[in-house]
Amino acid sequence: MERLLLRRGLSWRKFADLAGYTPGWLSKIKHGTPPSVDFARRCDELLEARGTLLALVGSNVPRPAELPAAVAGFVGRRGHLDQLDALLAKLHRPGASRIAVIEGAPGVGKTALALRWAHDVSHRFPDGQLFVDLGGFSHDRFPAAPEDVLEELLLALGSPVDVGPLDLTRRAALLRSMLADREVLLVLDNAADSDQVQPLLPGSGCCFVVVTSRRSLPALAVRTHGERLDVGRLTDAEGEELLREALGKARLDADPSAQKGLTELVRRCGHLPLALRIAAEHLITDPLLSVGDLVRHLDEENNRLDVLALDDQVAVRTVFSWSYRRLADEERRVLRLISTLKCTEITTAAVAVLAAVEYEQAQQLLYSLVCAHMLEHLGGDRYRLHELLGLFAAERVEQEDDRAQLAAATARLEQWSALDRLPTHC
Ligand SMILES: Nc1ncnc2c1ncn2[C@@H]1O[C@H](COP(=O)(O)OP(=O)(O)OP(=O)(O)O)[C@@H](O)[C@H]1O
Ligand SMILES: [Mg+2]
């Protein structure tokens, strides 16, 4: 550009006037800020560079490849992978859904699914793949602020302007501009809520976004015509496959208890991938520990969450606690009360009596717990607490609840069960 200006006897300042840019802006480009495509096009026209400046910009546009490695030994989730493939197949149609929201309980495998699929289809996004951990549920930090995430994304895409002084709205607009002509896959992992995600979304073009979250994000799905994928626990067979993949044939052949013990182990781990991975890691680390031994350790309910831990952070208890902390006080109280019942199912009416709240309030609290994926909705007014979450909540009861209040809650429920026409409260 310097040469072209010289040839035409133009100073940078004169050229700024001619092109309609401020001298300050031009000086930034001169000192290394990557120019935008529009800027390059304008310069190209004015300096009659026959597309050479434009081509230079094109070759400077970074193609981010930010996806972390996919999970080795990934199993199952065929239905969800097909659903994502079907969305991608329709990407170029007008009005097509360009966002998939993967929701599910802590440690159920949302990130693993998102990454597995993202790697499978990365070649379909020639302008790159972006990945951000939004920190919605983490031990060491608050959810990331959208303006910070925008800065990160804009830098990764080679923003032509200094992002620092821009506010949230301008950053979001710039991201939309930068993505408008590109085919980029954006994985927004571990979202706290819809509001955190909304400013990060492309406006048009052929980008695709995968969001994962422990919370249901219906507002996001409605606002964006996004498709929601609810990820549940693995089946017996998938859980066994996960263990086989992780442990390898030789380890299993050497363990006579493995043949029958694997299904038992899957069940003790509540079919939860995180728990299964931790169990597998124990077996790998200690070659003398048999599958049967581990099942026996897990049989002691008081012990189970202690066993399902590798260290302070990689532990089922810790991972659950990040979600628990995010619940409202009343939601936490209801979760703890439900765990005292030790029954597999519970109805709204029973929860209302147990917690001494109106039926409608119980309904609302149960709905919130389902949205946080701390409780499963079985249909109608029936709910189930997953057994590992039940053990976690029972531990919280020990720490947080007053014995007299607990006894009063149980007495209320027993009296109601005896009076009520329903045969049981559970
Ligand atoms: N389908 C799968 N096949 C094999 N391993 C899996 C699968 N899904 C999850 N895992 C393993 O289980 C563990 C938990 O998975 P992951 O981190 O994806 O869960 P998550 O739902 O994203 O958890 P969080 O709610 O904490 O974000 C990881 O070690 C992951 O590798
Ligand atoms: Mg995750």
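This is a predicted model: local features need pLDDT of at least 70, side-chain atom pairs count only at pLDDT 80 or more; totals for chains, interfaces and linings use all residues.
Modeller: Residues are numbered from 1 along each chain as its sequence is written, chains are lettered from A and ligands numbered from 1 in the order in which they are written, and side-chain values use heavy atoms, without hydrogens and water.

Biologist: How do you know what volume the largest pocket has?

Modeller: A pocket is an open set of points on a 1 Å grid over the protein atoms alone, where a 1.4 Å probe fits, with protein on both sides within 12 Å along at least five of seven lines. Grid points are joined across faces, edges and corners, and the volume is the space filled by probe spheres set on the points. For the largest pocket this gives about 850 Å³.

Biologist: What makes a residue part of a lining?

Modeller: A lining residue has an atom within 4 Å of a point. The largest pocket has 30 such residues, and the closest to its centre include Gly107 and Leu274. Helix 7 (110–121) is one of the elements that give two or more residues, and the largest share, 4 residues, comes from helix 7. Helices are DSSP runs of H or I with at least four residues, numbered from the N terminus.

Biologist: Which domains contribute to the lining of the largest pocket?

Modeller: Domain 2 (78–231) and domain 3 (236–317) each supply at least three residues. Domain bounds come from an automatic or database domain assignment.

Biologist: Which helix gives the most to the lining of the second largest pocket?

Modeller: The second largest pocket, of about 640 Å³, is lined by 25 residues, with His386 and Glu387 among the closest to its centre. Helix 22 gives the most, with 6 residues.

Biologist: Why are helix 6 and helix 7 called oblique to each other?

Modeller: Axes are lines fitted to C-alpha atoms, for helices over the stretch in contact, and angles run from 0 to 180 degrees between N-to-C directions. Helix 6 (residues 78–89) and helix 7 pack at about 45 degrees. Angles under 35 degrees count as roughly parallel, over 145 as roughly antiparallel, 65 to 115 as roughly perpendicular and the rest as oblique. Helix 6 and helix 7 are therefore oblique.
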